Amino acid sequence: TVGLRLTESAREVTVTVTDQGPGMTAEEQRHAFDKFYQAMVDGADTRTSQVNAEEYIEYFEKFLSEGKDVLHLTLSGGLSGTANSARIAAEEMAGAE
């Protein structure tokens, strides 16, 4: 079971996510990325991919056109450029209204 709680104060909203599911065992956690790292050792072209603003817009417009609200959580902008892409998409979509 995954729970989501929003707590609002004067200047911020705190999002708390809880997961009561079985999760991964300690042994599974220790080896979660073994296949990925082995692929790197074997010469595979491994990389991550940043979602661009256009992809965000295309994805979220479906929900918004149905009258649904969207809450998107991403890594800190200090860790990933994805946060900036999401911000740009949100600004573009707000400007289009």
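A residue counts as buried under 20% relative accessible area, as exposed over 50%, and as partly exposed in between. By this rule Phe36, at 36% relative accessibility, is partly exposed. The structure discussed here is a predicted model.

**Aromatic pairs around Tyr37**

- Five aromatic pairs are found in a search of the whole structure.
- In one of these pairs, the ring centres of Phe33 and Tyr37 lie 6.3 Å apart and the ring planes meet at 55°, so this pair is classed as tilted.
- Tyr37 also pairs with Phe36: the ring centres are 5.6 Å apart and the planes stand at 65°, so this arrangement is edge-to-face.
- The two classes follow from the angles, because planes over 60 degrees apart count as edge-to-face, planes under 30 degrees as stacked, and the rest as tilted.
- Phe33 has a relative accessible area of 53% and is therefore exposed.
- Tyr37, with a relative accessible area of 48%, is partly exposed.

**Aromatic cluster**

- One aromatic cluster is formed by Tyr56, Tyr59, Phe60 and Phe63.

**The largest pocket**

- The volume of the largest pocket is about 250 Å³.
- Its lining consists of 12 residues, of which Phe60, Val70, Ala86, Ala90 and Met93 are the closest to the centre.
- Helices α3 (53–65) and α4 (82–95) each contribute at least two lining residues.
- The largest share of the lining, six residues, is supplied by α4.
- By residue type, the lining comprises nine nonpolar residues, one polar residue and two charged residues.

How values were computed: Residues numbered from 1 in each chain as written. Predicted model: local features only at pLDDT ≥ 70, side-chain atom pairs only at ≥ 80, totals over all residues. Heavy atoms only, no water. 1 Å grid on protein atoms, 1.4 Å probe; cavity = no way out; pocket = protein on both sides within 12 Å on 5 of 7 lines; lining within 4 Å. Points joined across faces, edges and corners; volume = space filled by probe spheres on them. Helix = DSSP H or I, 4+ residues; strand = E, 2+ residues; numbered from the N terminus. Nonpolar A, V, L, I, M, F, W, Y, C, P; charged D, E, K, R; others polar. Phe/Tyr/Trp six-rings, centres within 6.5 Å; stacked < 30°, edge-to-face > 60°. Buried < 20%, exposed > 50% of the residue type's maximum accessible area, 1.4 Å probe, protein only.
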